[in-house]
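Points are grouped by topic.

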Amino acid sequence: MRTHPLGSTGPQVSALGLGCMGMSALYGEADRAESVATIHAALEAGVTLLDTGDFYAMGHNEMLIGEALSKAPAGLREQALTSVKFGALRGPDGNWTGYDGRPAAVQNFAAYSLQRLGVDHIDIYRIARVDPDVPIEETVGAIAELVEKGYVKHIGLSEAGAETIRRAAATAPISDLQIEYSLISRGIEDRILPTTRELGIAVTAYGVLSRGLISGHFTRDRQLAATDFRAFSPRFQGENLDHNLGLVEALRKIAEQKGVSVAQLAISWVLSRGEDIVPLIGARTRERLAEALGALEVTLDDADLNAIEAAVPADSAAGERYPQAQMAHLDSER
């Protein structure tokens, strides 16, 4: 398995990372035992990066990863790198109430994450969304203090725009930007990706299968629970969904010609975009994990890439990637 350097200041990570959010929240019920087994299978396959957020099911996801790490063989446990997002505020009813990037809050969030994960340090620490009321220099400076004290190894960003990235990098070394990037979410290509490459900052790409939309497994008649994010995601609604599933069928023809799955084709496309991009796969089961790992064996030549581009041109998706209220919180979209 090839490895990517996580930016000019970061560690080596595997070519794919495991996004663990779906094991706890936002995509319907998940099986705890299967989730732990999937994390173990990922580590055994050489996946090193485990991504979470302290607000995923109000700490449940961090505790799940902590349990998986505690039960893993020492060698696998030691190779695991934890990537944690913080700062999202939620009420007892689960509603989102904003973001907090104040230095005191950064220290507080980190203390709870270290406890829930059962580790003595977090490998990559980042605010989930830029707090518009706190200068990014203050938030990054607080993480830098955690680095000095040994509680954090590397500083990351999430969904930050080009100007914010520059300001953050002028404050302290930034290893990585986590941001949505897929065949149907290519907004980073104009300004953000050139900026990260200029500054030597890696990218961990989440949503590489667009929350299952371009996995090849999602169907028009699928029933979604009220707690499933996709139940109110614009790209999964009405005519938008019909249009987007049409794009998937165009991809399926290319995938079948290559003898791979749609998901493998979509993941391998992200891998083809550069050694500095690490796709996060949101597999919740060992079956889906095995499929995703198969993308590492797929080679796309120029003809393949041209065919994919023709089937799913940039900006061809119908609907925004988040509901309007959440789009307003994305510094990357400003």
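Predicted model: local features only at pLDDT ≥ 70, side-chain atom pairs only at ≥ 80, totals over all residues.

F55 is buried, at a relative accessible area of 10%, and Y56 is buried as well, at 8%. Both values count as buried because the cut-off is under 20% relative accessible area.

**Aromatic pairs and cluster**

- Across the whole structure, a search finds 6 aromatic pairs.
- One of these pairs joins F55 and Y56 in an edge-to-face arrangement, with 5.0 Å centre to centre and 75° between the planes.
- F218 and F236 also form an edge-to-face pair, again with 5.0 Å centre to centre and 75° between the planes.
- F218 and F236 both lie in the loop between strand 11 (202-206) and helix 8 (238-258), so their pair ties together parts that are 18 residues apart in sequence.
- Both F218 and F236 are buried.
- F55 and Y56 belong to one aromatic cluster together with W96.

**Charge over a ring**

- The ring of W96 has the charged end of R90 sitting over it, 4.0 Å from the ring centre.

- The search of the whole structure for cavities of 30 Å³ or more finds 1.
- The largest cavity holds about 40 Å³ of space.
- Its lining consists of E180, S210, R211, L213, S233, R235, F236 and R321.
- By class, the lining residues of the largest cavity divide into 4 charged, 2 polar and 2 nonpolar.

How values were computed:
Residues numbered from 1 in each chain as written. Heavy atoms only, no water. Phe/Tyr/Trp six-rings, centres within 6.5 Å; stacked < 30°, edge-to-face > 60°. Buried < 20%, exposed > 50% of the residue type's maximum accessible area, 1.4 Å probe, protein only. Helix = DSSP H or I, 4+ residues; strand = E, 2+ residues; numbered from the N terminus. Lys NZ or Arg CZ within 6 Å of the ring centre and 35° of its normal. 1 Å grid on protein atoms, 1.4 Å probe; cavity = no way out; pocket = protein on both sides within 12 Å on 5 of 7 lines; lining within 4 Å. Points joined across faces, edges and corners; volume = space filled by probe spheres on them. Nonpolar A, V, L, I, M, F, W, Y, C, P; charged D, E, K, R; others polar.
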